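Student: I would like a close look at a single part of this structure, namely the place where its two chains meet. Please treat it in one connected account.

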Amino acid sequence: MTHSLEALERQATAHTPVFGHEAHVVCDNLVRIFKTEGVEVVALQGLDLLVDEGEMVAVVGASGSGKSTLLTILSGLDVPTAGLARVAGQDLLAMSGRDRVRYQREVVGFVWQQTARNLLAYLTAAENVALPLVVAGAPRRRRAERVGELLELLGVGYCRDRRPSQMSGGEQQRVSIAVASANAPEVLLADEPTGELDTATAGEVFDALKTANRELGMTILVVTHDPLVAGQVDRTVGIRDGRTSVEVLRRTEVDEHGQTTHHADEYAVLDRAGRLQLPREFVTELEMDRRVRLALESDHIGVWPDGSARPTRGRHRG
Amino acid sequence: MSTGARRLLARQGRAHAGALAVVAAVVLVTSFLACSVPRVLSHVYDQGLRDTLVAAGPTGRDLTATASGYLPLSEDDDPLAAYDRATQALLADTDPSLADRVSGTTYSVTSELLTATVDLGGQARQDPATRLSLRAADDWQDHVDIVEGARPSGEIPPECVGPPDAPVDPRACVIEVALSADAAPEMQIAVGDIVPLEQGLPFGGGPVLTRVVALFEPVDAEADYWSRAGRALFPYQFISDDTGLNNEGIAFVAPRAYPFVQGQVIGISSSQVMIQLFTEPATFSSDDVHPVQRALDRLPASRLASADAPVITLQLRSQLDSVLEDYVAQRATADAVMSVALAGLLAVALAVLAMAARLVTERRRVTVRLAVARGASARQLAGWQAIEGLAVAAPAAVAGSVLTAVVVGGRGGRATVAVPLLLVLATAVLVPALGRAGSRGAGRRDLWRRWAGPGRLVLELSVVGVAVAAVLTLRRRGLTTSAVELGTDPLLVSVPVLLAVSVGIVVLRVFPIPLRSVGSLVARRGDAVPFLGLARSGRDVAGGTAPVIVLLLGLTMAVFTSVISATLARGGVEASWQSVGADLRLASAGYPDEAIEAAREVDGVAAVAPAAISYDGEFERRDVTVVATDIGAYRDVQRANPVGPPLPASLDGADALPAVVSSSLAPDGGPLTITLRDTELVLDVAATAPTLPGIPADADWVLVPLDRLREATGFGHDAETAYVALDPGTPTDPASLDRLTEDLTAALPGTAAVTTRAAEAREVADSGLVTGVRGLFAAGVVTGAAYATLAVVLTLVVTARQRDVVLSQLRTLGLSGRQARALVALEILPLTGAALVSGLLLGLATPWLLAPAIDLRPFTGSEVATPLTVDALSVTALAAGFAVVVGVAVLLVTAANRRRVLGSVLRVGEDA
């Protein structure tokens with residue numbers, strides 16, 4: 001194969017789009033390893049994730065799959081061992097201390113599962129919401145306006161002068177969302193925000209998150225176990241063993257009769273190196289172990305267990 | 001700071017009021033204690049100085065100017081007024097720092113000693129060995145009561161002046177004198193007697209006739225006045241081989257009769273003018289010592305001049321400078337030992353403060369993490385926490401300081417400002433620093449670990465290395481003599497702290513090793529409680545380095561001060577033995593053997609050793625004190641003496657005189673030849689010793705059997721000293737000793753002086769400086785132990801939440817109360833036990849390590865260094881007390897956990 005010099009020059013100067021260059025949240029081959037006295041725990045092992053601006057995404061996964069580690073990294077509280085993590089154009093691996101402070105003030109807001117980690121027990125709801133504004137040095141008048149606005153928006157205006165102990169779990173979490181939104185961050189991260197709530201209250205909290213997404217234009221990433229929550233967002237990303245494994249895309253279609261149907265399509269995630277995690281139940285069902293046979297067809301790739309009959313068509317790999 | 005931040009801080013402070021109150025309490029108590037010390041010390045040092053000055057007596061503290069000669073009689077001027085002027089001039093020229101302490105003045109003219117030999121009244125005197133000085137003093141009459149006769153007249157009889165051109169007939173001129181009522185009988189003189197006094201050769205012109213017109217008694221025999229004129233009350237007596245008992249006394253003449261004394265009227269050729277300025281001990285304060293010393297370096301002189309007499313110069317002198325020098329040395333020792341203890345305790349206090357600050361940051365971990373997550377910068381957080389630290393510590397530190405001013409009083413000095421300031425700054429730094437450490441480690445708490453990298457190892461090795469180097473340097477350098485000028489020795493005070501930190505580091509590094517072995521052994525037995533307890537103990541549950549350092553340093557300081565206290569107590573006893581030489585020492589002109597035998601029969605007396613002490617022995621031109629005694633009795637007397645000389649079973653020598661001699665005289669033993677009153681004595685050295693009780697430690701001495709010395713020299717060698725040992729159970733309180741002394745003086749007639757060891761020891765022990773410093777040491781022991789206790793409590797409180805969760809989890813699995821107590825005990829015992837043992841050992845070792853740099857001698861009043869002494873009782877009590885505290889703490893912690901509702905503890909979880 002020969003190339004002309006012009007062709008090579010064109011190729012060299014041509015703009016190659018960076019992975020996820022248009023996405024609001026980008027994780028590319030993210031690795032986080034915790035080391036302690038001779039033991040290494042690989043919490044994230046090459047995780048890829050793209051979230052567009054204004055999107056609301058749920059991240060689901062079993063306990064220990066790396067969901068919380070991902071959120072801690074995205075909130076700027078932890079630093080990944082390797083890979084790329086970028087939120088609103090801010091490279092999380094290359095942040096100085098000052099950048100990190102600015103990032104936490106202006107770019108991300110965070111809601112944890114435990115109320116005790118979101119709200120200070122000795123402050124009222126209004127004071128809790130004012131805390132990030134005080135930290136950011138917002139003027140007094142602006143603080144008062146913003147606090148009232150957020151509490152009303154999230155439907156907890158009546159809790160303004162109540163302390164956490166005087167509020168229900170759902171109210172606490174809605175106030176927590178207000179706190180996380182106080183400095184108008186671009187991204188809101190929520191770690192199991194409904195984990196300690198009953199279904200009805202969880203619905204209220206999730207509505208509050210949707211309100212924040214819609215009214216405040218924030219990109220929202222929710223880590224959850226709750227299938228009800230996961231079922232209410234357009235995209236759910238599944239994490240397994242520190243990597244994104246599946247994505248469920250939901251769309252709503254209205255047919256010619258005006259009938260609304262909800263569709264959910266599950267996809268396996270293909271990373272930039274071409275790796276793909278097969279769903280565990282598929283692997284178990286076909287007793288796949290160690291090796292599989294692959295066959296490239298014109299419009300798909302076939303996967304067969306090792307030892308099964310040789311596929312008859314296409315190019316084979318095994 | 002914005003209003004919002006201020007309000008936030010206020011709310012936060014109220015929310016964590018308990019933890020902040022602990023910080024405030026630690027600052028307050030530490031500030032109070034630390035500010036008390038200089039104030040108490042100012043009292044102690046003042047009292048110590050005054051006691052020293054009182055003990056030195058008037059002769060030790062007066063300013064005295066003496067000169068041979070006299071002021072000539074002048075018709076134009078009143079010589080008494082001239083003396084007065086000279087006195088005032090001396091006072092005016094004295095530096096005010098000293099002059100302000102002068103409480104009175106006196107002047108006197110005293111003749112030379114005149115021998116009473118001839119009675120011109122017609123009666124020959126029997127006793128030729130009586131000598132009297134005539135003294136005219138301005139104020140002697142104010143201090144006496146005339147008990148017989150009438151005051152001497154101040155008029156000069158015309159027959160003593162005579163016509164201008166004719167010589168005075170001394171036989172016609174009689175001077176009226178007064179004698180002490182106690183002295184007169186000793187000299188066999190009564191009121192009305194004419195006592196002729198004659199000058200010694202070569203001035204023997206003619207006798208001076210005196211008539212004793214009055215006998216007096218002192219208004220107050222104990223008054224300082226009589227310390228300055230002791231021989232006026234009772235004559236100095238001694239026995240000489242040729243004249244027997246000698247009396248030397250003073251006879252007073254009326255003040256205006258001074259011309260007699262000056263010899264201007266009659267044939268006295270030599271007299272002495274003396275001006276005295278009395279200093280008042282109560283007016284001295286320890287801060288004045290250096291100015292007074294400088295003033296003593298340039299004491300003024302006054303010149304008494306007249307046209308027809310030689311000029312006499314009165315140079316003011318004083319022994320006060322050497323008294324003050326001793327005091328300053330004593331104070332420097334006190335300062336050195338106190339500064340070691342105080343620096344240690346201050347370090348303990350700071351470590352406790354760090355623990356209290358950690359309590360705050362533990363309570364605030366969630367808040368800080370939340371603030372960090374919400375975008376608070378490190379500087380913002382540090383600023384807020386520093387302000388909070390200041391807001392809590394500053395009022396507490398000031399309150400502590402003010403409280404000391406109100407409660408303790410005294411003078412504060414720089415430390416009363418510096419220490420509170422240090423505490424405030426330490427709080428303002430510690431709270432944010434520990435808070436910052438607490439805000440780290442976001443994410444996986446289960447994988448959190450201690451800092452154990454090479455950096456830590458290097459730091460730890462550096463600290464240990466610096467400690468070892470400091471100890472070696474200190475021991476090599478030895479005693480620092482510049483402490484008096486330079487104040488606290490930074491090397492000396494830093495060594496114990498460095499040592500404690502080093503030992504703490506080593507303990508923390510080493511103790512997990514045996515713990516792991518024990519843990520694995522226990523694990524094999526399958527018993528859950530010991531396994532869990534030991535496993536938790538090996539982790540960071542005890543709260544890290546600070547508690548270990550506090551426990552260790554607190555105990556080290558407590559034991560250190562107890563060893564120094566015990567050594568000082570022992571030093572005082574040894575010094576009293578060295579100074580007195582026995583339980584009692586009686587001195588006279590000479591005791592006959594029967595008297596000694598009688599004394600042995602006195603109730604409460606165990607042994608009496610007669611001794612003849614001669615100071616005029618000589619060996620290679622060195623003065624040698626020859627102590628001749630009944631060796632058997634002397635051995636009995638010395639039986640209870642801890643610093644007694646080694647006395648061989650028998651002191652027999654066939655030819656040579658057997659002797660125990662000072663090590664300085666015969667370092668290699670062997671025969672020794674000394675000279676005593678022109679007699680050569682060959683001594684057979686049976687033993688040597690560095691010192692002999694009752695003889696100054698720097699003197700060369702020999703101890704020989706009295707009977708053999710008499711044989712060898714042919715002299716009588718009267719035993720003028722009696723060493724008395726008391727029966728073991730005999731009470732030594734002042735009243736009992738007074739009674740015993742009365743009995744003994746009755747048995748031993750002629751006793752002029754009695755010294756008791758108990759009184760000497762009491763004098764040292766009761767002196768203001770010693771009492772005060774020992775009191776402070778006792779307080780140091782208590783404070784060290786209290787901080788160690790606080791450390792245990794704080795350790796348990798700081799880690800209470802984690803422990804509550806674990807205990808609650810285990811309770812849900814069926815852990816009984818007893819098992820919970822065992823678990824908590826096992827969790828804290830290994831570390832507290834290791835800290836206790838190493839603290840006790842280090843406390844015992846520290847005095848030995850510092851010994852070359854601390855000289856306790858000025859403090860014990862001893863001339864010989866006292867070996868360091870461990871008071872086993874107080875050390876055991878400390879260890880036991882500490883064990884009780886730990887036990888009580890364990891009970892309280894488990895009791896508190898049992899009261900908690902399991903659900904709430906477990907639901908709140910680790911991050912609450």
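Predicted model: local features only at pLDDT ≥ 70, side-chain atom pairs only at ≥ 80, totals over all residues.

Tutor: Across the interface of chain B and chain A, the rule finds 0 salt bridges. Between chain B and chain A, 2 residue pairs are in polar contact, with both residues of each pair at pLDDT 80 or more. On the side of chain B that touches chain A, the elements giving two or more residues are helix H1 (3-15), helix H11 (365-373) and helix H12 (378-407) of chain B. H1(B) supplies the largest share of that side, 8 residues. Sorted by class, the side of chain B that touches chain A holds 11 nonpolar, 10 polar and 6 charged residues.

Contact involves 27 residues of chain B and 32 residues of chain A. Between them, chain B and chain A bury about 2,700 Å², and 60% of this buried area lies on carbon and sulfur atoms.

In helix H20 (residues 593-600) of chain B, the buried residues are B:Ala595, B:Ile596 and B:Ala599. These residues lie on the same side of H20(B) because they cover an arc of only 100° around the axis. The cover over the buried residues of H20(B) includes strand E14 (584-591), strand E15 (605-619), strand E21 (719-726) and helix H23 (734-747) of chain B.

Definitions and conventions:
Residues numbered from 1 in each chain as written. Chains lettered and ligands numbered in written order. Heavy atoms only, no water. Contact = heavy atoms within 4.5 Å. Buried area = accessible area lost by both parts, 1.4 Å probe. Salt bridge = Lys/Arg side-chain N within 4 Å of Asp/Glu carboxyl O. Polar contact = N/O pair within 3.5 Å; in protein donor to acceptor, adjacent residues only side chain to side chain. Helix = DSSP H or I, 4+ residues; strand = E, 2+ residues; numbered from the N terminus. Nonpolar A, V, L, I, M, F, W, Y, C, P; charged D, E, K, R; others polar. Buried < 20%, exposed > 50% of the residue type's maximum accessible area, 1.4 Å probe, protein only. Arc of directions from axis to C-beta.
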